[in-house]
Amino acid sequence: MFLYADDSLAGSVKKMTFDSQGRVVVAGRGYIRVLRDTSGAGRADEAEVISEFPEFGARGLFFEGEDLLVSAEDGVYRLPGDGKGGVVEEERERVLRHAVAGTGHTGNSVRRGPDGWYYLVAGDHAGIRGRQHATLPGSPVKWPRRGAVVRFRPDREGSQVVADGFHNPYDFAFSPEGRMLVWDQTDRTPHLPWYVPGRVFDVAQGLSHGWLYTRIAMSWWNPPTYFFDYAAPIAETGDSTPTGVEVYRHRGFPERYRGGLFLADWSSGRILFYPRGELGRREEGDGFRGGVDGLGGHRYEGTGLEVFLDGARSGFSVTALEVGPDGALYASTGGWGTRGAVYRI
């Protein structure tokens with residue numbers, strides 16, 4: 001692992017992506033920056049601020065050609081490219097509305113799916129409820145109950161709710177077969193004797209994934225994973241703070257990593273890896289068969305969730321993962337005012 005950019009160039013990074021030119025783009029509180037390696041030494045030596053929006057920092061970044069989609073504040077915004085590798089902040093337009101401005105469990109990562117639609121994962125404070133986001137016919141969920149996956153057309157003429165019942169999924173990725181993989185946050189259920197760990201889902205369209213916010217005194221409800229009326233996770237990650245989620249779709253790493261799932265755990269300072277194994281294949285047309293792995297959770301038969309990198313003792317507060325055009329895995333650090341950096345693996 002090599003340091004690609006230090007805190008002076010990438011201070012307390014919240015999100016990271018690559019632009020259409022293959023450059024690392026990072027975002028933190030009040031900035032979006034393009035990192036440049038002008039010397040060819042394999043590490044960034046310049047950073048250009050291309051936008052000071054949003055104030056609280058982007059929670060999702062995705063380049064569509066030269067245009068940049070940013071999930072932040074009260075929705076998803078499109079910042080048009082300026083033709084010079086930057087964006088025109090003043091001409092931004094909101095393409096999807098969700099929550100009020102601020103931080104917390106709001107709208108998070110945005111990506112384009114294999115079907116050509118845009119996908120957004122949102123936490124339970126994002127205001128994804130009722131029919132306002134299920135405006136198109138055929139929406140798998142018609143009355144979402146907070147914490148949801150929303151997909152919207154590229155022409156922005158309506159949206160659908162794919163699934164609901166999430167707490168605060170910060171990121172997601174698509175497998176080579178087009179399956180949507182989401183890692184949801186861990187938490188306790190007040191007044192009840194169980195603890196629900198971090199959970200990785202192969203998103204089941206039209207189903208609830210367990211988290212239910214209510215207005216009664218208990219406030220929220222998160223059932224154990226053995227309850228039959230919720231989508232079952234494909235893995236459990238114990239006490240964790242999910243951030244980056246990335247499927248390795250390149251030939252640079254050895255074969256066992258190709259198509260596998262990388263997961264960034266902010267609080268534990270580690271990167272987990274799930275070998276592809278059964279990741280792309282359904283068993284009996286129903287779901288994934290689970291086993292028990294060494295982390296106290298579930299796994300696919302024949303594979304196991306493993307620790308790819310453990311940086312807890314070095315303050316490795318990892319916030320995002322991206323596979324670069326060179327085949328390397330890039331990891332950013334930061335969040336809550338901690339030291340920022342970008343590493344190349």
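## A strand pair to start from

In β7, Ser 71 is the residue that Gly 60 stands opposite. The strands here are β6 and β7 (residues 67–72), which pair in the antiparallel sense over 5 bridges. Keep in mind that this is a predicted model.

## The whole protein

How many helices and strands are there? The count is 0 helices and 30 strands. The protein has 345 residues, and 57% of them count as buried. If you take contacts between residues at least 6 apart in sequence, 54% join residues at least 24 apart. The accessible surface comes to about 14600 Å², with 47% of that belonging to carbon and sulfur atoms.

## The largest nonpolar core

In soluble globular proteins, nonpolar side chains tend to be buried together. Here the largest nonpolar core has 17 residues, and those touching the most other members are Leu 69, Val 76, Leu 96, Val 110, Ile 128, Phe 152 and Val 161. Two or more residues each come from β9 (93–97), β11 (118–122) and β12 (148–152).

Leu 96 is a handy one to click on. Setting aside neighbours within four places in sequence, Leu 96 has contacts that include Val 76, Leu 120, Val 150 and Phe 152, along with His 133 and Ser 159.

## A hairpin with both faces covered

Now for strand β2 (residues 15–18). Lys 15 and Thr 17 on one side, and Met 16 and Phe 18 on the other, are all buried, which leaves both faces of β2 covered. β2 pairs with β3 (residues 24–28) in the antiparallel sense over 4 bridges, and Thr 17 stands opposite Val 25. The two strands form a hairpin with 5 residues between them, and Gly 22 in the turn has a positive phi of about 80 degrees.

## A second open sheet

Another open sheet of 4 strands runs β14-β15-β18-β21, again with antiparallel pairing. At the edges stand β14 (172–174) and β21 (235–236), each with a single partner strand, so one side of each is left without a neighbour in the sheet. Strands β15 (residues 180–184) and β18 (residues 199–202) are joined by 4 bridges, and Asp 184 stands opposite Arg 199.

Trp 183 is 51 residues away from Ile 234 in sequence, yet their C-alpha atoms are 9.9 Å apart.

## Salt bridges

A search of the whole structure turns up 15 salt bridges. One of them joins Glu 246 and Arg 111 at 3.2 Å, N to O. This pair links distant parts of the chain, with Glu 246 in β22 (residues 242–247) and Arg 111 in β10 (residues 107–112), 135 residues apart. Both partners are buried: Glu 246 at 7% relative accessibility and Arg 111 at 16%. Asp 171 joins these two in a network of salt bridges.

Arg 179 and Asp 202 make another salt bridge, at 2.9 Å, N to O. Arg 179 lies in the loop between β14 and β15 and Asp 202 in β18, so the pair ties together parts 23 residues apart in sequence. Asp 202 is buried at 6%, while Arg 179 counts as partly exposed at 22%.

Technical notes. Residues numbered from 1 in each chain as written. Predicted model: local features only at pLDDT ≥ 70, side-chain atom pairs only at ≥ 80, totals over all residues. Heavy atoms only, no water. Core = buried A, V, L, I, M, F, W, Y, C linked by side-chain atoms within 4.5 Å. Buried < 20%, exposed > 50% of the residue type's maximum accessible area, 1.4 Å probe, protein only. Contact = heavy atoms within 4.5 Å. Areas by Shrake-Rupley, 256 points an atom, 1.4 Å probe, with all protein chains shown as cover. Pairing = 2+ DSSP bridges. Salt bridge = Lys/Arg side-chain N within 4 Å of Asp/Glu carboxyl O.
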